[in-house]
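Please examine the sequence and the three-dimensional view together. The explanation that follows begins with the whole chain and then turns to its individual parts.

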Amino acid sequence: VTVGGGHMGSKLAHMNEAPFPEKLVYNFIATLTNPSDTVCDVFSGSGTTAKVSLQLGRNFTGCDIRQSQVKLSRERILEI
């Protein structure tokens, strides 16, 4: 999976110190879960996993100790 330079799937991803591309989690979520399953991310960061989960018809629950990252995840979900 190519990273950086516009390959992240969202400009918001770079507001997190450890961003990763949407393509990285896409195959895991698509393969290991079924539509309407719930995906949980306990370090939700910039919301990459949340966004991809919702795009694939999964439910999502997540948390982050930093309020700034919770806000960022919410903004990222609104991109859908």
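Two residues are said to be in contact when heavy atoms of theirs lie within 4.5 Å. Among the contacts in the protein chain between residues at least 6 apart in sequence, 50% join residues at least 24 apart.

The model is a predicted one, in which local features need pLDDT of at least 70 and side-chain atom pairs count only at pLDDT 80 or more, whereas totals for chains, interfaces and linings use all residues. Residues are numbered from 1 along each chain as its sequence is written, and side-chain values use heavy atoms, with hydrogens and water left out. The term pLDDT denotes the predictor's confidence in each residue, on a scale from 0 to 100. Its mean over the protein chain is 87, and 82% of the residues reach 70 or more. Where pLDDT is low, the predicted coordinates should not be read in detail.

The protein chain has 3 helices and 2 strands, and from the N terminus on they run α-β-α-β-α. Helices (H or I, at least four residues) and strands (E, at least two) are DSSP runs, numbered from the N terminus. Of the 80 residues of the chain, 39% count as buried. Here buried means under 20% relative accessible area, exposed means over 50%, and partly exposed lies in between, with a 1.4 Å probe and protein chains only.

Which residues form the largest nonpolar core? It has 5 residues, namely Val25, Ile29, Val39, Val52 and Leu56. A nonpolar core is a set of buried Ala, Val, Leu, Ile, Met, Phe, Trp, Tyr and Cys residues joined through side-chain atoms within 4.5 Å. In soluble globular proteins, nonpolar side chains tend to be buried together. Leaving aside its neighbours within four places in sequence, Leu56 is in contact with Tyr26, Ile29 and Ala30.

Gln69, Val70, Leu72, Ser73 and Arg76 are buried. Seen down the axis of α3, these buried residues fall within an arc of 160 degrees, so they line one face of the helix; the arc is that of the directions from the helix axis to the C-beta atoms. The buried residues of α3 pack against α1 and α2. On the other side, Gln67, Lys71 and Arg74 are exposed.

In the loop between β2 and α3 lies Ile65, which counts as exposed at 85% relative accessibility. The C-alpha atoms of Ile65 and Val42 are separated by 9.1 Å, although the two residues are 23 apart along the chain.

Finally, how many disulfides does the structure hold? There are 0, a disulfide being a pair of cysteine sulfur atoms within 2.5 Å. The sulfur of Cys40 is 6.4 Å from the closest cysteine sulfur, in Cys63, and is therefore too far for a bond. Cys40 is exposed, with a relative accessible area of 54%, while Cys63 is partly exposed, at 39%.
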